[in-house]
Number of protein chains: 2
Amino acid sequence: MVETTRKRRSDGEKSRKAILSEAAQLATVEGINGLSIGRLADAVGMSKSGLFAHFGSKEDLQLATIETARALFHELVIEPALVGTTALGRLRLLIELFLRHVEDKVYPGGCFYVSVGAELGAQSGPVRDQAVALSAEWMRLVVSTIREAQAEGHIDAAEDAEQLAFELTGYLLLGNTQFVATQDSAAIERARHAVEGRLAAATRDFG
Amino acid sequence: MVETTRKRRSDGEKSRKAILSEAAQLATVEGINGLSIGRLADAVGMSKSGLFAHFGSKEDLQLATIETARALFHELVIEPALVGTTALGRLRLLIELFLRHVEDKVYPGGCFYVSVGAELGAQSGPVRDQAVALSAEWMRLVVSTIREAQAEGHIDAAEDAEQLAFELTGYLLLGNTQFVATQDSAAIERARHAVEGRLAAATRDFG
(Lines give C-alpha, C1' and ligand atoms only; values in the text may rest on other atoms or scores of the structure.)
Protein backbone atom coordinates (compact mmCIF):
# COMPACT_ATOMS: atom_id res chain seq x y z
CA MET A 1 0.00 0.00 0.00
CA VAL A 2 2.75 2.37 1.00
CA GLU A 3 4.79 1.24 -2.00
CA THR A 4 1.93 1.80 -4.41
CA THR A 5 1.46 5.31 -3.09
CA ARG A 6 5.17 5.96 -3.39
CA LYS A 7 5.29 4.61 -6.90
CA ARG A 8 2.32 6.64 -7.93
CA ARG A 9 3.78 9.77 -6.40
CA SER A 10 7.09 9.14 -8.12
CA ASP A 11 5.41 8.60 -11.50
CA GLY A 12 3.39 11.71 -10.91
CA GLU A 13 6.49 13.73 -10.08
CA LYS A 14 8.38 12.50 -13.09
CA SER A 15 5.54 13.28 -15.36
CA ARG A 16 5.04 16.71 -13.80
CA LYS A 17 8.72 17.46 -14.40
CA ALA A 18 8.53 16.37 -18.04
CA ILE A 19 5.40 18.43 -18.59
CA LEU A 20 6.95 21.55 -17.07
CA SER A 21 10.10 21.14 -19.12
CA GLU A 22 7.95 21.05 -22.29
CA ALA A 23 5.95 24.02 -21.01
CA ALA A 24 9.10 26.11 -20.53
CA GLN A 25 10.23 25.29 -24.08
CA LEU A 26 6.85 26.22 -25.55
CA ALA A 27 6.65 29.44 -23.54
CA THR A 28 9.77 30.85 -25.25
CA VAL A 29 8.21 30.39 -28.69
CA GLU A 30 4.47 30.93 -28.28
CA GLY A 31 4.54 32.95 -25.08
CA ILE A 32 3.65 31.96 -21.54
CA ASN A 33 0.20 33.43 -22.16
CA GLY A 34 -0.19 31.05 -25.08
CA LEU A 35 0.44 28.21 -22.64
CA SER A 36 -3.07 26.89 -22.06
CA ILE A 37 -3.63 23.50 -20.46
CA GLY A 38 -5.26 22.37 -23.72
CA ARG A 39 -2.33 23.52 -25.88
CA LEU A 40 0.17 21.86 -23.55
CA ALA A 41 -1.86 18.63 -23.41
CA ASP A 42 -1.50 18.41 -27.21
CA ALA A 43 2.25 19.09 -27.00
CA VAL A 44 2.94 16.39 -24.41
CA GLY A 45 0.36 13.92 -25.73
CA MET A 46 -1.76 13.83 -22.59
CA SER A 47 -5.44 14.37 -21.96
CA LYS A 48 -6.59 17.76 -20.69
CA SER A 49 -8.03 16.04 -17.60
CA GLY A 50 -4.65 14.38 -16.96
CA LEU A 51 -2.99 17.80 -17.02
CA PHE A 52 -5.69 19.27 -14.78
CA ALA A 53 -4.69 16.66 -12.18
CA HIS A 54 -1.22 18.26 -12.13
CA PHE A 55 -2.18 21.92 -12.40
CA GLY A 56 -5.46 23.26 -11.17
CA SER A 57 -5.40 26.38 -13.32
CA LYS A 58 -3.55 28.10 -16.13
CA GLU A 59 -1.96 30.43 -13.58
CA ASP A 60 -0.67 27.49 -11.48
CA LEU A 61 0.82 26.01 -14.63
CA GLN A 62 2.47 29.33 -15.57
CA LEU A 63 3.96 29.85 -12.11
CA ALA A 64 5.28 26.27 -12.00
CA THR A 65 6.79 26.78 -15.47
CA ILE A 66 8.62 29.89 -14.33
CA GLU A 67 9.94 28.03 -11.28
CA THR A 68 11.14 25.21 -13.55
CA ALA A 69 12.99 27.66 -15.80
CA ARG A 70 14.52 29.33 -12.75
CA ALA A 71 15.81 25.98 -11.46
CA LEU A 72 17.32 25.12 -14.86
CA PHE A 73 19.01 28.53 -15.09
CA HIS A 74 20.55 27.95 -11.65
CA GLU A 75 21.73 24.51 -12.73
CA LEU A 76 23.22 25.61 -16.08
CA VAL A 77 24.45 29.15 -15.40
CA ILE A 78 24.55 30.25 -11.78
CA GLU A 79 25.81 27.18 -9.91
CA PRO A 80 28.63 26.22 -12.29
CA ALA A 81 29.87 29.84 -12.15
CA LEU A 82 30.47 29.44 -8.42
CA VAL A 83 33.61 27.39 -9.12
CA GLY A 84 35.44 30.63 -9.95
CA THR A 85 37.98 31.31 -7.21
CA THR A 86 37.80 35.10 -7.60
CA ALA A 87 34.73 37.29 -7.99
CA LEU A 88 36.05 38.50 -11.36
CA GLY A 89 36.39 34.85 -12.41
CA ARG A 90 32.83 34.15 -11.31
CA LEU A 91 31.59 37.21 -13.22
CA ARG A 92 33.28 36.04 -16.43
CA LEU A 93 31.85 32.54 -15.94
CA LEU A 94 28.33 33.84 -15.33
CA ILE A 95 28.48 35.79 -18.57
CA GLU A 96 30.06 32.99 -20.60
CA LEU A 97 27.62 30.37 -19.28
CA PHE A 98 24.71 32.70 -20.03
CA LEU A 99 25.87 33.09 -23.63
CA ARG A 100 26.53 29.37 -23.94
CA HIS A 101 23.04 28.43 -22.77
CA VAL A 102 21.62 30.74 -25.45
CA GLU A 103 23.92 29.39 -28.17
CA ASP A 104 23.23 25.79 -27.09
CA LYS A 105 19.50 26.47 -27.58
CA VAL A 106 18.46 25.26 -24.17
CA TYR A 107 15.22 26.99 -25.21
CA PRO A 108 14.17 27.51 -28.84
CA GLY A 109 13.26 31.14 -28.06
CA GLY A 110 16.54 32.00 -26.32
CA CYS A 111 16.83 32.95 -22.65
CA PHE A 112 13.57 32.13 -20.87
CA TYR A 113 13.90 35.20 -18.61
CA VAL A 114 14.24 37.53 -21.60
CA SER A 115 11.47 35.92 -23.62
CA VAL A 116 8.86 35.79 -20.89
CA GLY A 117 9.99 39.09 -19.35
CA ALA A 118 9.47 40.86 -22.69
CA GLU A 119 6.07 39.25 -23.13
CA LEU A 120 4.72 40.18 -19.71
CA GLY A 121 6.63 43.39 -18.91
CA ALA A 122 3.69 45.70 -19.60
CA GLN A 123 1.03 43.41 -18.09
CA SER A 124 0.09 42.83 -14.44
CA GLY A 125 -0.55 39.98 -12.02
CA PRO A 126 1.40 37.29 -10.14
CA VAL A 127 2.78 35.56 -13.25
CA ARG A 128 4.18 38.83 -14.57
CA ASP A 129 5.65 39.67 -11.14
CA GLN A 130 7.43 36.31 -10.96
CA ALA A 131 8.81 36.73 -14.47
CA VAL A 132 10.09 40.23 -13.77
CA ALA A 133 11.62 39.01 -10.48
CA LEU A 134 13.86 36.58 -12.44
CA SER A 135 15.53 39.46 -14.28
CA ALA A 136 15.90 41.48 -11.09
CA GLU A 137 17.54 38.46 -9.44
CA TRP A 138 20.07 38.26 -12.29
CA MET A 139 20.89 41.98 -12.00
CA ARG A 140 21.40 41.71 -8.23
CA LEU A 141 23.76 38.77 -8.69
CA VAL A 142 25.84 40.58 -11.31
CA VAL A 143 25.99 43.76 -9.19
CA SER A 144 27.02 41.89 -6.04
CA THR A 145 29.68 39.90 -7.94
CA ILE A 146 31.09 43.16 -9.38
CA ARG A 147 31.20 44.66 -5.86
CA GLU A 148 33.06 41.59 -4.58
CA ALA A 149 35.52 41.94 -7.46
CA GLN A 150 36.02 45.58 -6.47
CA ALA A 151 36.59 44.55 -2.85
CA GLU A 152 39.15 42.00 -4.07
CA GLY A 153 40.90 44.75 -6.03
CA HIS A 154 40.24 43.24 -9.47
CA ILE A 155 37.73 45.79 -10.76
CA ASP A 156 38.35 49.53 -10.50
CA ALA A 157 36.62 50.82 -7.35
CA ALA A 158 35.69 53.97 -9.31
CA GLU A 159 33.27 51.93 -11.49
CA ASP A 160 29.59 52.26 -10.57
CA ALA A 161 28.73 48.56 -10.05
CA GLU A 162 25.09 49.00 -11.08
CA GLN A 163 26.05 50.90 -14.22
CA LEU A 164 28.64 48.29 -15.17
CA ALA A 165 26.12 45.47 -14.56
CA PHE A 166 23.63 47.32 -16.77
CA GLU A 167 26.12 47.65 -19.63
CA LEU A 168 27.25 44.02 -19.50
CA THR A 169 23.65 42.81 -19.33
CA GLY A 170 22.73 45.04 -22.28
CA TYR A 171 25.27 43.15 -24.43
CA LEU A 172 23.88 39.80 -23.29
CA LEU A 173 20.32 40.88 -23.98
CA LEU A 174 21.04 42.02 -27.53
CA GLY A 175 23.25 38.98 -28.19
CA ASN A 176 20.35 36.76 -27.13
CA THR A 177 17.76 38.67 -29.15
CA GLN A 178 19.84 38.75 -32.34
CA PHE A 179 20.78 35.09 -32.00
CA VAL A 180 17.13 34.07 -31.70
CA ALA A 181 16.21 36.12 -34.77
CA THR A 182 19.16 35.11 -36.96
CA GLN A 183 20.38 31.75 -35.54
CA ASP A 184 23.84 33.14 -36.30
CA SER A 185 26.54 32.79 -33.64
CA ALA A 186 27.99 36.11 -34.81
CA ALA A 187 25.55 37.74 -32.38
CA ILE A 188 26.98 35.73 -29.48
CA GLU A 189 30.50 36.65 -30.59
CA ARG A 190 29.60 40.35 -30.66
CA ALA A 191 28.29 40.08 -27.11
CA ARG A 192 31.48 38.28 -25.97
CA HIS A 193 33.64 40.91 -27.63
CA ALA A 194 31.64 43.74 -26.04
CA VAL A 195 31.95 42.16 -22.58
CA GLU A 196 35.70 41.69 -22.99
CA GLY A 197 36.18 45.29 -24.09
CA ARG A 198 34.13 46.65 -21.22
CA LEU A 199 35.82 44.44 -18.62
CA ALA A 200 39.21 45.40 -20.01
CA ALA A 201 38.34 49.06 -19.37
CA ALA A 202 37.04 48.27 -15.87
CA THR A 203 40.08 46.18 -14.89
CA ARG A 204 42.84 48.22 -16.58
CA ASP A 205 45.83 48.54 -14.25
CA PHE A 206 44.08 46.09 -11.94
CA GLY A 207 44.25 42.31 -11.32
CA MET B 1 -21.32 60.96 -56.96
CA VAL B 2 -17.58 61.47 -57.17
CA GLU B 3 -17.76 63.50 -53.97
CA THR B 4 -19.63 60.80 -52.12
CA THR B 5 -17.04 58.24 -53.13
CA ARG B 6 -14.27 60.58 -52.04
CA LYS B 7 -15.94 61.27 -48.75
CA ARG B 8 -16.48 57.62 -48.08
CA ARG B 9 -12.91 56.77 -48.94
CA SER B 10 -11.63 59.52 -46.68
CA ASP B 11 -13.79 58.33 -43.74
CA GLY B 12 -12.56 54.83 -44.38
CA GLU B 13 -8.94 55.96 -44.37
CA LYS B 14 -9.32 57.91 -41.18
CA SER B 15 -10.96 55.05 -39.44
CA ARG B 16 -8.36 52.59 -40.72
CA LYS B 17 -5.62 54.82 -39.34
CA ALA B 18 -7.28 55.06 -35.92
CA ILE B 19 -7.79 51.31 -35.81
CA LEU B 20 -4.17 50.60 -36.68
CA SER B 21 -2.93 53.07 -34.11
CA GLU B 22 -4.96 51.23 -31.46
CA ALA B 23 -3.72 47.90 -32.81
CA ALA B 24 -0.07 48.96 -32.46
CA GLN B 25 -0.70 50.04 -28.84
CA LEU B 26 -2.39 46.74 -27.99
CA ALA B 27 0.31 44.68 -29.70
CA THR B 28 2.98 45.97 -27.28
CA VAL B 29 0.97 44.77 -24.28
CA GLU B 30 -0.86 41.65 -25.38
CA GLY B 31 1.35 40.68 -28.29
CA ILE B 32 0.74 40.97 -32.02
CA ASN B 33 -0.43 37.34 -31.98
CA GLY B 34 -3.04 38.32 -29.39
CA LEU B 35 -4.31 40.85 -31.92
CA SER B 36 -7.39 39.11 -33.29
CA ILE B 37 -9.98 41.05 -35.28
CA GLY B 38 -12.49 40.24 -32.52
CA ARG B 39 -10.21 41.53 -29.74
CA LEU B 40 -9.45 44.70 -31.67
CA ALA B 41 -13.12 45.25 -32.51
CA ASP B 42 -13.82 45.33 -28.75
CA ALA B 43 -10.94 47.74 -28.15
CA VAL B 44 -12.03 50.26 -30.81
CA GLY B 45 -15.75 49.76 -30.25
CA MET B 46 -16.53 48.52 -33.75
CA SER B 47 -18.29 45.44 -35.02
CA LYS B 48 -16.19 42.50 -36.18
CA SER B 49 -17.79 42.80 -39.63
CA GLY B 50 -16.81 46.48 -39.75
CA LEU B 51 -13.21 45.53 -39.05
CA PHE B 52 -13.32 42.76 -41.63
CA ALA B 53 -14.15 45.43 -44.21
CA HIS B 54 -10.76 47.01 -43.42
CA PHE B 55 -8.66 43.89 -43.01
CA GLY B 56 -9.45 40.65 -44.75
CA SER B 57 -7.48 38.49 -42.35
CA LYS B 58 -5.58 38.52 -39.07
CA GLU B 59 -2.34 38.45 -41.04
CA ASP B 60 -3.33 41.51 -43.10
CA LEU B 61 -4.14 43.31 -39.85
CA GLN B 62 -0.80 42.33 -38.32
CA LEU B 63 1.22 43.43 -41.35
CA ALA B 64 -0.64 46.75 -41.52
CA THR B 65 -0.01 47.24 -37.79
CA ILE B 66 3.72 46.72 -38.27
CA GLU B 67 3.74 49.21 -41.14
CA THR B 68 1.89 51.74 -38.95
CA ALA B 69 4.46 51.34 -36.18
CA ARG B 70 7.28 51.70 -38.69
CA ALA B 71 5.81 54.96 -40.00
CA LEU B 72 5.44 56.35 -36.46
CA PHE B 73 9.01 55.39 -35.59
CA HIS B 74 10.22 57.27 -38.68
CA GLU B 75 8.15 60.29 -37.72
CA LEU B 76 9.26 60.39 -34.05
CA VAL B 77 12.82 59.09 -34.15
CA ILE B 78 14.43 58.77 -37.56
CA GLU B 79 13.27 61.88 -39.42
CA PRO B 80 13.85 64.42 -36.61
CA ALA B 81 17.38 63.03 -36.19
CA LEU B 82 18.19 64.09 -39.76
CA VAL B 83 18.48 67.72 -38.63
CA GLY B 84 21.91 66.90 -37.17
CA THR B 85 24.55 68.65 -39.29
CA THR B 86 27.22 66.02 -38.60
CA ALA B 87 26.86 62.25 -38.62
CA LEU B 88 27.94 62.15 -34.96
CA GLY B 89 25.20 64.67 -34.18
CA ARG B 90 22.65 62.54 -36.03
CA LEU B 91 23.82 59.45 -34.15
CA ARG B 92 23.35 61.17 -30.79
CA LEU B 93 19.92 62.41 -31.87
CA LEU B 94 18.81 58.97 -33.04
CA ILE B 95 19.73 57.52 -29.66
CA GLU B 96 18.21 60.34 -27.62
CA LEU B 97 14.97 60.31 -29.62
CA PHE B 98 14.75 56.55 -29.26
CA LEU B 99 15.06 56.83 -25.48
CA ARG B 100 12.60 59.72 -25.39
CA HIS B 101 9.94 57.81 -27.32
CA VAL B 102 10.26 54.99 -24.76
CA GLU B 103 10.15 57.35 -21.77
CA ASP B 104 7.22 59.26 -23.30
CA LYS B 105 5.31 55.96 -23.49
CA VAL B 106 4.42 56.27 -27.14
CA TYR B 107 3.48 52.60 -26.60
CA PRO B 108 2.50 51.13 -23.22
CA GLY B 109 4.82 48.17 -23.81
CA GLY B 110 7.88 50.23 -24.82
CA CYS B 111 9.49 50.19 -28.24
CA PHE B 112 7.20 48.43 -30.71
CA TYR B 113 10.16 46.89 -32.56
CA VAL B 114 11.54 45.36 -29.36
CA SER B 115 8.20 44.13 -28.08
CA VAL B 116 7.01 42.49 -31.27
CA GLY B 117 10.52 41.33 -32.25
CA ALA B 118 10.87 39.49 -28.91
CA GLU B 119 7.44 37.92 -29.32
CA LEU B 120 7.97 36.63 -32.84
CA GLY B 121 11.75 36.06 -32.94
CA ALA B 122 11.52 32.26 -32.63
CA GLN B 123 8.44 31.88 -34.84
CA SER B 124 8.14 31.88 -38.65
CA GLY B 125 6.06 33.47 -41.40
CA PRO B 126 5.64 36.85 -43.10
CA VAL B 127 4.56 38.74 -39.94
CA ARG B 128 7.65 37.55 -38.08
CA ASP B 129 9.87 38.43 -41.05
CA GLN B 130 8.48 41.97 -41.20
CA ALA B 131 8.96 42.42 -37.45
CA VAL B 132 12.55 41.18 -37.56
CA ALA B 133 13.22 43.43 -40.58
CA LEU B 134 12.40 46.52 -38.46
CA SER B 135 15.25 45.75 -36.06
CA ALA B 136 17.64 45.00 -38.91
CA GLU B 137 16.71 48.36 -40.48
CA TRP B 138 17.58 50.14 -37.21
CA MET B 139 20.95 48.38 -36.99
CA ARG B 140 21.80 49.27 -40.60
CA LEU B 141 20.97 52.93 -39.97
CA VAL B 142 23.13 53.08 -36.83
CA VAL B 143 26.03 51.32 -38.57
CA SER B 144 25.89 53.61 -41.61
CA THR B 145 25.68 56.72 -39.42
CA ILE B 146 28.74 55.56 -37.45
CA ARG B 147 30.63 54.98 -40.72
CA GLU B 148 29.75 58.49 -41.89
CA ALA B 149 30.98 59.87 -38.56
CA GLN B 150 34.23 57.96 -39.09
CA ALA B 151 34.53 59.39 -42.60
CA GLU B 152 33.96 62.88 -41.14
CA GLY B 153 36.75 62.22 -38.63
CA HIS B 154 34.51 62.40 -35.55
CA ILE B 155 34.60 58.73 -34.54
CA ASP B 156 37.87 56.79 -34.33
CA ALA B 157 38.38 54.93 -37.64
CA ALA B 158 39.78 52.01 -35.61
CA GLU B 159 36.32 51.31 -34.16
CA ASP B 160 34.44 48.40 -35.75
CA ALA B 161 31.21 50.19 -36.76
CA GLU B 162 29.07 47.06 -36.44
CA GLN B 163 30.47 46.27 -33.00
CA LEU B 164 29.93 49.85 -31.81
CA ALA B 165 26.36 49.83 -33.16
CA PHE B 166 25.76 46.55 -31.32
CA GLU B 167 26.98 47.94 -28.01
CA LEU B 168 24.99 51.17 -28.25
CA THR B 169 21.85 49.26 -29.23
CA GLY B 170 22.38 46.84 -26.33
CA TYR B 171 22.12 49.78 -23.90
CA LEU B 172 18.95 51.01 -25.60
CA LEU B 173 17.40 47.55 -25.53
CA LEU B 174 18.02 47.03 -21.82
CA GLY B 175 16.98 50.61 -21.01
CA ASN B 176 13.69 49.97 -22.81
CA THR B 177 13.11 46.58 -21.18
CA GLN B 178 13.84 47.81 -17.65
CA PHE B 179 11.73 50.92 -18.13
CA VAL B 180 8.73 48.87 -19.25
CA ALA B 181 9.10 46.55 -16.23
CA THR B 182 9.76 49.25 -13.61
CA GLN B 183 8.26 52.46 -15.06
CA ASP B 184 11.32 54.11 -13.51
CA SER B 185 13.27 56.63 -15.62
CA ALA B 186 16.45 55.46 -13.87
CA ALA B 187 16.64 52.77 -16.58
CA ILE B 188 16.60 55.43 -19.30
CA GLU B 189 19.27 57.40 -17.45
CA ARG B 190 21.50 54.31 -17.22
CA ALA B 191 21.16 53.81 -20.97
CA ARG B 192 22.02 57.50 -21.60
CA HIS B 193 25.03 57.26 -19.32
CA ALA B 194 26.22 54.05 -21.01
CA VAL B 195 25.92 55.64 -24.47
CA GLU B 196 27.82 58.75 -23.38
CA GLY B 197 30.63 56.65 -21.88
CA ARG B 198 30.94 54.50 -24.98
CA LEU B 199 30.83 57.45 -27.37
CA ALA B 200 33.42 59.26 -25.25
CA ALA B 201 35.75 56.28 -25.72
CA ALA B 202 35.02 56.15 -29.47
CA THR B 203 35.56 59.87 -30.01
CA ARG B 204 38.50 60.45 -27.63
CA ASP B 205 41.07 62.71 -29.31
CA PHE B 206 38.56 63.17 -32.13
CA GLY B 207 35.86 65.73 -33.08
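How many C-beta neighbours inside 10 Å does Thr203(A) have, and is Thr203(A) buried, exposed or partly exposed? The answer comes in the last view of this predicted model, in which local features need pLDDT of at least 70, side-chain atom pairs count only at pLDDT 80 or more, and totals for chains, interfaces and linings use all residues. Residues are numbered from 1 along each chain as its sequence is written, while chains are lettered from A and ligands numbered from 1 in the order in which they are written.

**View 1. Chain A has nine helices and zero strands.**
Helices (H or I, at least four residues) and strands (E, at least two) are DSSP runs, numbered from the N terminus. From that end on, the elements of chain A run α-α-α-α-α-α-α-α-α. The C-alpha trace of chain A spans about 65 × 40 × 30 Å along its principal axes. Of the 207 residues of chain A, 41% count as buried; a residue is buried if 20 or more other C-beta atoms lie within 10 Å of its own, exposed if 12 or fewer, and partly exposed in between, with C-beta atoms placed from the backbone. Two residues are in contact if their C-beta atoms, placed from the backbone, lie within 7 Å. Among the contacts in chain A with a separation of 6 or more, residues 24 or more positions apart account for 62%.

**View 2. Ala23(A) and Ala23(B) have the most contacts inside the largest nonpolar core.**
This core has 117 residues; a nonpolar core is a set of buried Ala, Val, Leu, Ile, Met, Phe, Trp, Tyr and Cys residues joined through C-beta atoms within 7 Å. Look around Ala23(A) and you will find that it touches Leu35(A), Leu40(A), Leu61(A) and Thr65(A), not counting residues up to four places away in sequence.

**View 3. α6(A) is mostly covered.**
Nine of the nine residues of α6(A) are buried. Phe112(A), Tyr113(A), Val114(A), Ser115(A), Val116(A), Gly117(A), Ala118(A), Glu119(A) and Leu120(A) are the ones to pick out.

**View 4. Chain A meets chain B through 28 residues of each.**
On chain A, α1 (2-30), α6 (112-120), α7 (126-151), α8 (161-182) and α9 (186-203) each supply at least two residues of the side that touches chain B. The largest share, eleven residues, comes from α8(A). By class, this side of chain A has twelve nonpolar, 13 polar and three charged residues. Here Ala, Val, Leu, Ile, Met, Phe, Trp, Tyr, Cys and Pro count as nonpolar, Asp, Glu, Lys and Arg as charged, and the others, Gly among them, as polar.

**View 5. A rotation of 180 degrees with 0.0 Å of shift along its axis superposes chain A on chain B (RMSD 0.0 Å).**
That is the relation of a two-fold axis. The copies are superposed by least squares on the C-alpha atoms of residues with pLDDT of at least 70 in both. Gly170(A) comes closest to the rotation axis of the residues of chain A, at 2.2 Å (C-alpha). The same surface serves both copies, as 100% of the contact residues of chain A recur in chain B.

**View 6. α9(A) crosses α8(B) at roughly 80 degrees, their axes coming within 10 Å.**
Axes are lines fitted to C-alpha atoms, for helices over the stretch in contact, and angles run from 0 to 180 degrees between N-to-C directions. The two helices, α9(A) and α8(B), are therefore roughly perpendicular to each other; angles under 35 degrees count as roughly parallel, over 145 as roughly antiparallel, 65 to 115 as roughly perpendicular and the rest as oblique. Arg190(A), His193(A) and Ala194(A) of α9(A) make the contact with Gln163(B), Phe166(B), Glu167(B) and Gly170(B) of α8(B).

**View 7. α5(B) and α8(B) pack at an angle of about 10 degrees, with their axes 10 Å apart.**
Thus α5(B) and α8(B) are roughly parallel to each other. From α5(B), Ile95(B), Phe98(B), Leu99(B), Val102(B) and Glu103(B) meet Leu168(B), Leu172(B), Gly175(B), Asn176(B) and Phe179(B) of α8(B). The contact has seven nonpolar, two polar and one charged residues by class.

**View 8. Thr203(A) is found in helix α9 of chain A.**
Back to the opening question: Thr203(A) counts as partly exposed, with 15 C-beta neighbours inside 10 Å. Leaving aside its neighbours within four places in sequence, Thr203(A) is in contact with Leu88(A), His154(A), Ile155(A) and Asp156(A). Thr203(A) and Gln150(A) are 53 residues apart in sequence and 9.4 Å apart in space, C-alpha to C-alpha.
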